[in-house]
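Okay, thanks for making time, everyone.

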Amino acid sequence: MTKDWKTRTKLVHEGTRRSQYGEMAEAIFLTQGFVYPDAESAEARFIKAGEDEFIYARYGNPTTRMFEERIAALEGTEDAFATASGMAAVSGALTSMLRAGDHVVSSRALFGSCLYILEEVLTRYGVKVTFVDGADLDQWRAAVVPGTKAVFFESMSNPTLELIDITAVSAIAHAAGALVICDNVFATPVFSRAVEQGADVIVYSTTKHIDGQGRALGGVVCASREFIRKTLEPYMKHTGGSMSPFTAWMHLNGMATLDLRCRAMADAAKDIASALEGHEKLSRVVYPGLPSHKQHALAMAQMGSGGTLLAFDLKGGKEAAFRFMNALEIVKISNNLGDAKSIATHPATTTHQRLPQDQKDVLGITPGLIRLSVGLEDAGDLTSDLMQALSVA
């Protein structure tokens, strides 16, 4: 790993493996298994595989390994394990280290599937979970006690863009001996400094910005080599949640432009949020890059950017939100994010639909809330599209 390379150089070159043919592009190894020169070699590899030795695609693959090394270098961790989806990464990171009787503290502002893992799956197997208001450090201090095994949070919450103070929460967790697990999707690996701010385990849905083209599901867990290879890997390889080589190959190609894409999208998101702020049909515009955001200073200190997403609340509620979405011409209606195409989502009826209304109220997921993932289209064209849709909302 060449630690003094800058981000864009790492995104193009880190982790590259070349076969005897010396190919320029990363090779894709579409194989389930690997051939051993003799029986003794097979036995030895099952006892302990070498750094560049592979056994079975569910355990590891040269193409997948290139992706893992590249993302670990970018994130600043010793190692990484690529998974079949973002939720495989979340559930794997948590389940691999927890057992009955353990205690986890989590922020309550989470993606619906993350809430399901914490509320339904972990508690079913005897793990105690305490939820807190992630922005309230006093609640973290009260909930995290000696013996707490882990804390979990989204560094920027979905969909209301509330930030967690990673440095402060990590200090509270570490004082109690707890591991810090950070779902960092909205921050992106480009703007993330979560490791230097104290997070121990970083989780991404690579479906989002890393793929960036709406093509493939994927996820990754970045952490110390000990956590990845001794805790996570045995769980993942036996439960089958590993990434396919084809997905890893697509992600490797996507990473070459990741820095360029995320910075362009964030610049456009700031321009759009500024244009929307104060619109007569909106009760609020939420974007951490705006000075009006209550955690603007934290966003700038933690990420140096407001990110690629914004949210806004139509005064007319669900009916106005639906009229707005149906009038969009460039922006597409979907539930993904981090795509080259701009996407509008109505969280109350899609991504967070399963939440009871009182929980939506607590999280600020109102009937009029729209989450906008800003793509690579011209910012002026996007702003015009949003404005014309607001005019009929």
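So, one cut-off before anything else: when I say buried, I mean a relative accessible area under 20%. Keep in mind too that this is a predicted model.

Let's take L161 to begin with. Buried or exposed? It comes out at 0% relative accessibility, so L161 counts as buried. You'll find L161 in the loop between β4 and α7, and its backbone is worth a look: phi is near 60 degrees, which is a positive value in a residue that isn't glycine.

That loop has another feature. P159 lies there as well, between β4 (150–154) and α7 (166–175), and the peptide bond going from N158 into P159 is cis, with omega near 10 degrees.

Now hop along to T188. Here phi is near 65 degrees, again positive in a non-glycine residue, but T188 lies in a helix, α8. With 0% relative accessibility, T188 counts as buried, because the cut-off is under 20%.

Then there's A187, in the loop between β5 (179–183) and α8 (188–191). A187 has 3% relative accessibility, so it's buried too. What does A187 touch, setting aside neighbours within four places in sequence? The contacts are S155, S192 and M303. And A187 and L163, 24 residues apart along the chain, have their C-alpha atoms 9.6 Å from each other.

On to the sheet. We've got five strands in an open, mixed sheet, running β8-β9-β12-β11-β10. For β10, the pairing with β11 (residues 343–345) is parallel, over two bridges, and K332 sits opposite I343 of β11.

Zooming out: the chain has 15 helices and twelve strands. How does its radius of gyration agree with that of a compact globule? For 393 residues you'd expect near 21 Å, and the chain has 21 Å, so it agrees. The C-alpha trace spans about 75 × 50 × 35 Å along its principal axes. Buried residues are 56% of the 393. Of the contacts with a separation of 6 or more, 73% are between residues 24 or more positions apart.

Terms used: Residues numbered from 1 in each chain as written. Predicted model: local features only at pLDDT ≥ 70, side-chain atom pairs only at ≥ 80, totals over all residues. Heavy atoms only, no water. Helix = DSSP H or I, 4+ residues; strand = E, 2+ residues; numbered from the N terminus. Rg over C-alpha atoms; globule rule 2.2 N^0.38 Å. Buried < 20%, exposed > 50% of the residue type's maximum accessible area, 1.4 Å probe, protein only. Contact = heavy atoms within 4.5 Å. Pairing = 2+ DSSP bridges.
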